[in-house]
Amino acid sequence: MSERDRMLAGELYRPDDPELTTARTRARRLCRAYDEVPEDEPTRRREILEALFGTLGGGAFIEPPFRCDYGVHIHAGDGLYMNFGCVVLDCARIDIGHRVLFGPGVHIYAATHPLDAALRSSGRELARPVRIGDDVWLGGGAIVVPGVTIGDRVVVGAGSVVTKDVPPGWVVAGNPARLVKRTD
């Protein structure tokens, strides 16, 4: 089993593996290229995002700068909007639904590390998938940690840290994020 296969299977893997290093370098180059394309060249911007993302629905708009680990593990639906400075650490699959809005500085983390210090010091890492439903709004500075699923029509308050699954139709806020009220 390759290190990439281990990573995507949620097993311990070595991030310094040459295949993974090459893939991250590719993603960083595409992110930099995207950041440098002027606003009046939407076709070129779209081409770069399509090369970067695993799947990208129609009408996506991402304000630069944007950063990710691999890009190819990000699968987004139609109408995605990411404001300035978003980061997606896609060491595992990241599914983003339709009509999802990211405020500025939103971070999505699939990457994590072992809790055991000896194992962590070995340099191996872990990854857990993240799923974000349709019609979700993540307020500025929100963080979603590995393994979390956010249901449809959820609103995540600015600055919140989402550490647990969120059922559909809720507003959550805080650190850690807690259910605040129903949205529907």
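Gly97 touches Gly77, Asp78, Ile132, Gly133 and Asp134 when residues up to four places away in sequence are not counted, a contact being defined as heavy atoms within 4.5 Å. In this predicted model, local features need a pLDDT of at least 70 and side-chain atom pairs count only at pLDDT 80 or more, whereas totals for chains, interfaces and linings use all residues. Residues are numbered from 1 along each chain as its sequence is written, and side-chain values use heavy atoms, with hydrogens and water left out.

Gly97 is found in the loop between β7 (94-96) and β8 (101-102). With a relative accessibility of 12%, Gly97 counts as buried, a term that stands for under 20% relative accessible area, while exposed stands for over 50% and partly exposed for values in between (1.4 Å probe, protein chains only). One of the contact partners of Gly97 is Asp78; these two residues are 19 residues apart along the chain, and their C-alpha atoms are separated by 7.5 Å.

The protein chain contains four helices and 19 strands, where helices (H or I, at least four residues) and strands (E, at least two) are DSSP runs numbered from the N terminus. The chain is as compact as a globular protein of its length, because its radius of gyration of 16 Å is close to the 16 Å that the globule rule gives for 184 residues; the radius is taken over C-alpha atoms, and the rule is 2.2 Å times the number of residues to the power 0.38. Along the principal axes, the C-alpha trace spans about 45 × 40 × 25 Å. Of the 184 residues, 42% count as buried, and among contacts with a separation of 6 or more, 28% are accounted for by residues 24 or more positions apart.

Zero disulfides are present in the structure, a disulfide being a pair of cysteine sulfur atoms within 2.5 Å. For Cys86, the closest cysteine sulfur is that of Cys31, and the distance of 12 Å between the two sulfurs is too far for a bond.
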